[in-house]
Each structure stands twice: as structure tokens, then as C-alpha cells.
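Hi everyone, thanks for coming along. Let me put the structure up on the screen, and then we can walk through a few parts of it together.

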Amino acid sequence: MPTCVILAAQMDGRSITTVEAFDNGPGAPLDPIQQAFAETGAIQCGYCTPAMVLAARQLLSAEPNPTEAQVRDVLGGVLCRCTGYVKPVEAVLRAAAMLRGEAVPPIDAPGGIPVEGFFDAIRTSPEPELPGPGSDITTQTKVAFFTFPTVDTQTATDVVGRPEMKVDAVKLVKGKPVFADDVDLPGMLHGAMLTSPHAHARITRIDATKARALPGVHAVLTHQDIPRVIYASGGQTWPNPHPWDQVSLDNKVRHVGDRVAVVAAETPEIAQAALKLIEVEYEVLPAVFDPIATMQPGAPVIHDEPDAVGVADVERNIAVKIHARYGEVEQALAEADHVFERTYHVQQVQQASIEPHIVVTYWDEDERMVIRTSTQVPFHVRRMIAPLIGLPVKRIRVIKPRIGGGFGGKQEMLIEDLCAHLTVATGRPVRFEYTREQEFTSARSRHPMIVTYRAGVQSDGTLHALDMEVVSNTGAYGTHGLTVCSVTGLRGLATYRCPHMQFSANVVYTNIPTPGAFRGYGAPQAEFALESLMEEIADALGFEAVEFRLKNAVRSGDPVPITAALGEGDLDRQPQIVQSCGLEQCVSQGAAAIAWDRKLNPEWRVDPARPHVRRGLGMAVCMHGTAIPGLDMGAASIKMNDDGSFNVLVGGTDLGTGSDTVLAQIAAETLGAPLNDIIIYSSDTDFTPFDTGAYASSTTYISGGAVKKAAEQVRDQIMARAALMLKLPTTDGLTLRDRTVTAADGSSVSLADIALHSLHVADHQQIMATASHMSMHSPPPFGAVYAEVEVDTETGQVTVQKLVMAVDCGTAINPRTAEGQIEGGLVQALGYAVSEEMVYDEAGRSLATRFGDYRIFQADEVPEVQAILVPTYEPSGPYGAKAVAEIPMDGVAPAIANAVHHAVGARIRDLPITPEKVWRKINEV
């Protein structure tokens with residue numbers, strides 16, 4: 001059982017097995033359960049993987065031939081936010097077959113090439129052929145195999161497009177100490193934070209005398225002890241977008257859970273005791289939680305400090321104003337045959353990463369500040385923290401170990417500054433970790449929004465005008481407020497062809513805990529409104545909903561005018577041009593998978609055995625982005641070793657998405673080497689090149705572009721060295737494949753021989769290269785989501801039976817990891833659609849402070865999930881790739897809302913789609 005649900009007293013007199021019991025040493029064969037998890041792609045961030053492995057062992061010890069329901073039941077005790085549980089279930093069923101001694105075939109890549117064992121190079125004995133899923137194993141997910149498109153610019157590949165095992169799979173499945181908290185430094189202190197009990201108050205008196213006198217306490221810091229340096233905490237490119245409205249510790253608090261003081265002590269218990277001894281007196285101020293009320297005259301002013309920078313309208317609590325236009329919207333609305341106006345509300349939800357925010361800071365032997373932190377943006381953290389702690393960038397090193405889930409919540413310099421302040425004050429290493437309650441009260445979340453559309457439509461179904469108005473609630477601070485809301489406008493006005501478009505937004509302060517970056521980054525809010533609106537228009541005008549969408553959807557070769565209007569155009573400020581689009585194929589393949597033709601069958605909608613239940617089908621299309629054009633940049637460095645292997649250094653951050661694996665595959669493909677000849681190291685500001693970080697679905701596209709460039713330079717050097725060794729006048733006719741350079745006459749030389757020759761024999765040279773990559777293109781991935789639901793008309797309960805998503809992400813560099821991103825994203829988005837919400841009482845106190853109150857889906861609760869990869873070739877991406885990680889968040893909520901409407905005629909325009917809302921709509925008089 002997972003330790004988080006077992007009390008120590010319950011273990012009295014019992015034996016305890018940990019995942020270390022499975023480890024037979026470096027290079028030894030994995031336990032079959034661990035092997036199955038690694039091979040099937042069941043590991044994403046890996047934070048929950050050891051618990052899943054142990055749960056699987058418990059099940060398979062008692063039941064060697066379990067059903068899928070039994071597997072889901074036992075995995076139901078292990079929360080996972082990454083995988084959607086699809087591949088872990090597959091892994092357990094696969095392991096069961098292996099343990100029963102059944103011959104299971106290898107996991108094949110497209111074309112029937114088995115996955116190569118990753119660690120054969122370090123094993124002393126020949127590596128056995130890796131088994132794959134048995135033909136008798138079924139899971140709820142039926143994932144289409146990736147096939148290469150027929151495009152002139154695409155050539156056959158050996159590593160790219162293959163479901164290679166993740167490069168970090170073995171250490172994660174073995175439970176190696178790879179996360180931020182897996183370090184114990186001599187003399188390490190423990191940090192803790194005192195937070196505000198009030199939603200809006202001024203600190204009139206704070207006295208830490210008693211806390212400082214407590215034995216074991218080494219530092220207590222308040223706003224009186226730290227220089228006041230204004231900043232914005234969002235991990236974004238320099239200069240950070242306005243407003244700058246935060247300081248490390250302030251004399252005013254703006255939400256329940258806001259920072260008041262921090263403590264460093266010998267133990268966590270002493271630190272907590274010290275917090276209780278800090279005496280604080282508050283002048284409680286009026287609070288405002290409603291985003292409309294906060295803009296009204298007489299509302300309390302939340303940011304009245306004189307040193308805040310770039311607040312759009314202090315008196316009206318407007319942090320940011322946005323306006324963009326293309327064409328003449330008002331005139332076009334007047335010209336339209338039909339005008340529709342609808343308003344939609346989307347709620348605040350939490351990233352709910354299983355690993356909370358965790359930081360360890362210490363001085364190294366050169367008296368430089370080292371920050372070991374679970375972050376998506378190590379280079380931004382280094383730059384942003386420097387002025388706060390009074391150190392130059394050159395005296396700061398940020399190390400990003402493995403991350404136990406991020407989802408945008410760790411695209412923030414959230415607690416690194418407080419931990420570093422404590423190390424500066426004490427001279428000692430300090431460990432600071434958020435509690436689960438603080439994740440809800442003091443971390444980040446998704447922006448709640450009010451989205452209003454006006455749409456002008458001609459009688460033939462052509463969109464003529466779209467006006468989108470948004471009120472975005474940024475809570476107490478404006479971090480990410482501008483950029484998230486800008487993406488809302490981009491995604492809300494990019495999917496469909498329309499000659500006249502307008503976007504207006506107010507990003508407003510309230511006294512709720514601060515939203516920030518969350519996977520999808522403004523798109524899920526927009527897509528729920530947009531795709532609900534498209535369905536409503538089609539219904540009202542008598543068009544088939546799918547045909548109406550495809551009639552108006554953008555396609556390859558189309559400009560996307562709103563990109564230029566919102567500042568994401570190309571180098572000449574012209575709109576982005578869609579260069580690859582598989583939307584129509586996504587729609588058709590998704591429709592086939594969900595059996596869309598049932599929608600027209602009235603008998604299917606009714607279950608005679610349950611006359612109070614109605615069935616429904618719904619769909620939504622979605623379009624996301626790939627990186628921020630002209631802004632995101634990544635770099636890579638590659639060097640060749642004596643044996644012909646390669647070290648690849650990248651600044652890109654793998655937060656469980658498999659980006660280290662994908663980047664290594666790009667390098668391996670370009671260098672004619674197998675994946676196990678690539679040793680990749682990422683995200684250490686001292687040793688790896690710069691990268692903007694893991695956000696905006698940019699890593700494969702931007703960092704992958706840098707890796708490919710660097711690898712091509714290294715390949716050129718390899719070819720030149722081979723020509724020298726083969727005594728050829730030029731490199732013409734040379735090919736590089738299977739660790740070998742081959743000439744047209746059949747003569748060849750191995751990569752190992754080339755490496756030794758370059759380093760030790762003649763014309764000595766380290767074969768290596770560094771490259772950077774930035775793109776003015778932001779190629780959109782496309783997707784179609786289909787949902788099948790059952791609605792209980794007596795209670796309003798909505799049960800999602802099946803989710804299907806077909807995605808065009810260009811070339812899937814690793815189909816297994818791409819599928820995992822889709823599956824996990826669909827389940828995460830399912831919570832956004834039907835259950836998750838951050839709710840507060842009248843005083844602004846969060847009613848959810850633990851997972852028991854804020855329910856995320858468990859393995860035994862998720863519906864059938866099907867992911868389909870629709871191949872296209874994106875000419876601007878490495879090997880034709882574009883993004884996949886965020887788009888699964890975008891279409892689930894509207895697809896379910898549309899399915900509920902199909903089932904019972906209830907149109908839900910505010911998320912989440914709860915039983916009460918559905919019941920009230922059904923029973924409206």
C-alpha cells in the first residue's frame with residue numbers, strides 16, 4: 001500500500017517491502033514488473049511509479065491472472081496526475097503475462113522493428129530480447145500505431161518515430177534518488193512559512209522574538225528583515241511581463257495563504273513550533289472575490305503600493321488590459337444574417353502535481369549559491385532570483401533534478417527566493433517544501449474567466465465576425481496574467497476562418513490565491529467557450545455540427561490573422577501561416593473510433609433497463625500552438641567520446657513529458673547511432689546551455705531544433721574525419737548509419753574508430769558542436785475530441801463512458817510518449833470538465849486543502865480512453881515534429897458539455913458540469 005494512506009501504527013509487527021528490494025544492481029535485469037513499466041511507457045514523471053510497482057506486486061502475488069478491473073482497483077490507491085493510468089494498467093497486465101511464463105512478443109515500432117534494449121552497452125552478458133504485450137492482453141485504450149506520412153521531405157528513420165524506452169525509465173522505476181528532495185546535506189535546516197489567515201490585511205505589528213529564542217531555530221525572517229525588491233514571479237523571458245507587483249515578504253497580505261514570515265530550524269517540528277510563536281497583528285481590510293465587483297467604484301484597492309510597476313488601472317483593480325482587432329467587427333456583425341451572443345464561465349483549478357514544490361539551497365565550496373529545485377524554468381529562476389537575494393547571476397547555480405509533475409505550476413519562481421534568503425541568513429543548507437494545504441492556498445492554479453462571444457454568421461453557415469471579451473481573475477498578483485489571457489485570445493480566435501475578429505480583455509485583481517501557468521495556458525478556457533458556441537450555432541441554424549466546424553476551420557496554407565494582432569506574427573509582423581494540418585483526418589478518425597453515427601439513432605440514446613438514463617455523444621475540435629515565435633530559444637551542445645558515444649547537454653527541462661528521450665532520439669537519428677549511445681544531461685545552469693524552459697509546448701520543437709543543428713555540425717565533422725581516414729578527397733557519397741560511415745565503394749569506418757583517430761592519432765580534434773535554435777513559426781497541432789456520456793435524469797449525474805482524441809502533432813518523435821501525453825492530458829482535462837474546482841468560503845478560505853477534498857481521478861474511476869496519432873509533416877520542425885503536450889487539455893470540456901446537451905437537452909455554460917447544474921437545467925420550468 002502507498003505510504004501516504006498508511007499510519008505508522010498500522011505497521012506495528014509487520015514487514016515492509018520497498019522498491020529497493022527489486023534492485024539487483026547496476027546492469028542487472030529488471031524485475032518483470034519494473035521491466036513492463038519501462039517498456040510500455042507507463043512512466044512519465046515517475047514520482048508515483050515505485051508505489052504503482054509495489055501495488056502491482058501485491059496484486060500479482062495474490063492473483064497471477066488479474067482482470068483489468070482488479071488492476072485498476074489496486075492502482076486506485078496510487079494517485080497519478082501524468083499518465084491517465086492507461087499505460088500503467090497495460091504494464092501490470094503485461095507483467096502478469098510475463099510472470100505466468102507466457103511468451104509475449106516485443107513492443108514493435110511502426111514497421112515491425114522491436115524496441116532495442118537500452119542498457120545493452122553496460123551489461124556483461126548478451127541482452128535478451130525484450131518481451132512485449134501479449135495478444136491476450138486487452139486494455140481500455142486502443143492506441144493507433146503511428147505511421148509515417150507520404151511526404152517528399154520525409155525520409156525513412158531508424159530512431160525517430162520509434163517507441164524507444166525512456167532514457168530515465170530504469171532509474172525512475174527503481175526508485176533511485178533523483179528528485180529534488182532526495183538529498184541530505186550535512187547541517188541541513190528545514191524551512192517553514194507562516195501564511196495569512198486573512199484575505200486582505202495590513203500587518204501593523206510583527207514580533208518574532210519568541211520564535212527566534214526557541215532552541216533549534218536559526219532564522220526567522222519577516223518583511224522587516226529582507227530588502228524590498230519589486231518583481232514578478234512568473235518564469236518568463238526577460239524582461240518579465242508587467243505587472244511587477246510582488247516582493248519576497250510584504251507588510252500587506254492579499255489572500256488567505258499569502259506570505260507573512262519564514263523560519264529555518266533544526267527539524268520540521270521545531271520550524272512549525274516557531275511559526276506559532278510569531279506574533280502578528282493585522283488591520284483587516286475589505287476583501288473582494290468577484291472579478292466584476294472588483295472593477296466597480298468603491299471596491300477595495302488591492303495593489304495600492306507606490307512601487308508596483310505596470311499595473312494598468314490601480315483604482316479599478318485592473319492588472320492588465322488587452323485589445324486586438326483584425327477587420328471591422330461591429331460593421332461585420334451588422335452585416336451578418338444571424339448574430340449569436342453567449343457568455344461562459346470557467347472555474348479555478350489546481351495543477352495537483354503529486355510532488356509539491358520543493359527547494360534545497362546551500363553554499364558550495366566556492367561560496368556560490370546552489371539552488372536544487374523542482375522547476376520548469378531553471379535559467380529564468382537564476383536570473384530572477386539574483387536581485388532578490390543580492391547576488392550576481394554568476395554566483396548562482398540552479399539544478400533541476402527529475403520533477404514529480406509540473407503542469408505549469410512550476411513555471412514560477414515560487415519559493416526559491418525564500419529558501420535562498422534563509423540560507424543567506426544562516427549560512428546553512430535549507431530544505432523548504434510546501435505542504436499539500438499550501439499547494440492549494442499559496443501556489444498557483446488555472447485562471448477562472450468569464451468569456452463572452454458575439455458571433456456573426458451568414459445563412460450559408462459561413463462565419464463573418466467573432467468578437468471575444470474576457471474578464472480574467474488573476475487573484476492577488478498579476479503573474480502570468482497578461483500572457484495567459486493573450487493565449488486565451490489566440491486560441492479563441494484562431495481555429496476558424498473569419499474575416500473580422502476582435503479580442504478585448506481585462507485581467508483583474510481579487511483576493512483569491514493567485515492563478516498562474518497551467519497546462520494549456522489559457523486555451524482550455526477559450527476552447528470551452530468557442531466549441532460550445534460552435535455547437536450552439538450549428539444547432540440553431542440546423543447544420544450538422546461537425547460539418548459546420550470543418551466548413552469554417554483553418555487548413556494548410558491559411559493565415560491566422562489574430563497571431564499578428566496579438567504580437568505572435570512572423571518576422572515581418574505578418575500572420576502565422578498554417579504549413580501542416582491534419583484536422584480533417586483527426587475528425588474522421590475520431591468519429592470512427594467513437595461510432596459517431598450512433599448520434600442519429602434515437603434508440604441508442606435510451607437504455608430500456610435504465611429508463612432514467614440518457615446517452616449522448618459530443619465533440620470538439622481544437623488547435624494549439626508550438627512555442628512562442630521569435631521569443632523561445634534553446635541551445636544544445638554535443639561532444640563525441642572515445643568509444644563513439646555522445647554526450648548531449650541541453651537546457652531543456654524534462655518534467656515527465658519524455659523530452660530528454662525525444663531530444664536524445666533526435667541526436668541519435670542525426671548521428672547514425674542507437675539511442676543507448678546518447679548520454680543526455682539537462683537543466684543545470686552551470687553545465688548546460690541556455691533554454692527558456694518547459695512551457696508553451698516548446699521543448700521538442702525548439703530544443704529539438706537546437707539538438708538537430710548541433711548534431712548536424714557534429715555529423716559534418718565525423719564525415720570529414722572519415723574521409724581523412726578513408727583517404728577520400730571529399731565527403732561526397734558518404735553515409736552515416738548504424739554507428740558506421742560508409743563510402744560509395746563499400747569501404748567503411750566505425751564511429752569508435754573515428755573518435756579514437758580524432759582524439760589520439762592525427763590532426764587531433766575534439767569532435768563537438770554547440771547550436772541554438774529559435775523560430776519565427778509557431779506551427780499549430782490540431783485535434784478532435786469525442787465524448788460518450790450517460791446522464792441520470794433523476795440526479796443530474798454525468799458519467800463519461802469514453803473519451804477519444806485524435807491528434808495531429810506532425811511527426812511523433814516517440815509515439816509511446818506522445819500517446820502518454822494525450823492519455824494523461826485527457827484524464828486531467830476530464831477533472832476540469834466534470835469535478836474539479838477551487839471553492840472558498842465567504843472569508844476567502846479554501847474549502848479544499850487536501851486531495852480528499854479536491855478529488856482528482858483515480859485509476860478505477862477513469863473512463864475508456866483512446867488516443868490516435870494522425871501523422872503530418874511540419875516543415876519547420878525537427879523531423880517534422882510539432883507540439884503534443886498541451887492540446888489534450890483543450891477539447892474535453894466542450895466535448896462533454898455538447899454530449900450532455902445531446903443526451904438531455906441541457907446546455908451547461910459554466911464549468912464544472914456538476915450533477916446539481918445538470919439537474920437544475922433538466923428541471924427548468
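Leaving aside its neighbours within four places in sequence, which residues is Phe37 in contact with? Before I answer, a word on what you see: this is a predicted model, where local features need pLDDT of at least 70 and side-chain atom pairs count only at pLDDT 80 or more, while totals for chains, interfaces and linings use all residues. Residues are numbered from 1 along each chain as its sequence is written, and side-chain values use heavy atoms, with hydrogens and water left out.

Now back to Phe37. Contact means heavy atoms within 4.5 Å, and the partners of Phe37 are Ala42, Ile43, Thr49, Met52, Val53, Pro88, Ala91, Val92 and Val173. Phe37 also belongs to the largest nonpolar core, which has 167 residues, and there Phe37 and Ile896 touch the most other members. By nonpolar core I mean a set of buried Ala, Val, Leu, Ile, Met, Phe, Trp, Tyr and Cys residues joined through side-chain atoms within 4.5 Å. Buried is under 20% relative accessible area, exposed is over 50%, and partly exposed is in between, using a 1.4 Å probe and protein chains only. A second, separate core has 43 residues, including Ala668, Leu671, Val714 and Ala723.

Next, please find helix α9, residues 378-389. Helices here are DSSP runs of H or I with at least four residues, strands are runs of E with at least two, and both are numbered from the N terminus. How far apart are the end C-alpha atoms of α9? They are 16 Å apart, which agrees with the 16 Å that its 12 residues should span at 1.5 Å a residue; the expected span is 1.5 Å times one less than the number of residues. Of those 12 residues, 10 are buried, among them Phe379, Met384 and Leu388. The cover over the buried residues includes β10 (369-373), β11 (396-399) and α10 (416-426). Just after the helix, Gly390 takes a positive phi of about 75°.

Let's turn to some backbone details. Most residues other than glycine have a negative phi, and most peptide bonds are trans. Phe407, however, has a phi near 55°, and sits in the loop between β11 and α10. Is Phe407 buried or exposed? Phe407 is buried, with a relative accessible area of 9%. Asp738 also has a positive phi, about 55°, in the loop between β23 (735-737) and β24 (740-742), but Asp738 counts as exposed at 58% relative accessibility. As for cis peptide bonds, one joins Trp238 and Pro239, with omega about -15°, and another runs from Leu911 to Pro912, with omega near -5°. Pro239 is in the loop between β3 (217-221) and β4 (252-253), and Pro912 is in the loop between α21 (892-904) and α22 (915-922).

A cavity is a set of points, on a 1 Å grid over the protein atoms alone, where a 1.4 Å probe fits but cannot get out; lining residues have an atom within 4 Å of a point. The largest cavity is lined by 22 residues, and Gln246, Asp258, Arg259, Arg444 and Tyr477 lie nearest its centre. For the second largest cavity there are 17 lining residues, with Gly41, Ile43, Lys166, Arg816 and Thr817 closest to its centre. Its largest share of lining, 4 residues, comes from α20.

Terms used:
On a 1 Å grid over the protein atoms alone, a cavity is a set of points where a 1.4 Å probe fits but cannot get out, and a pocket is an open set with protein on both sides within 12 Å along at least five of seven lines; lining residues have an atom within 4 Å of a point.
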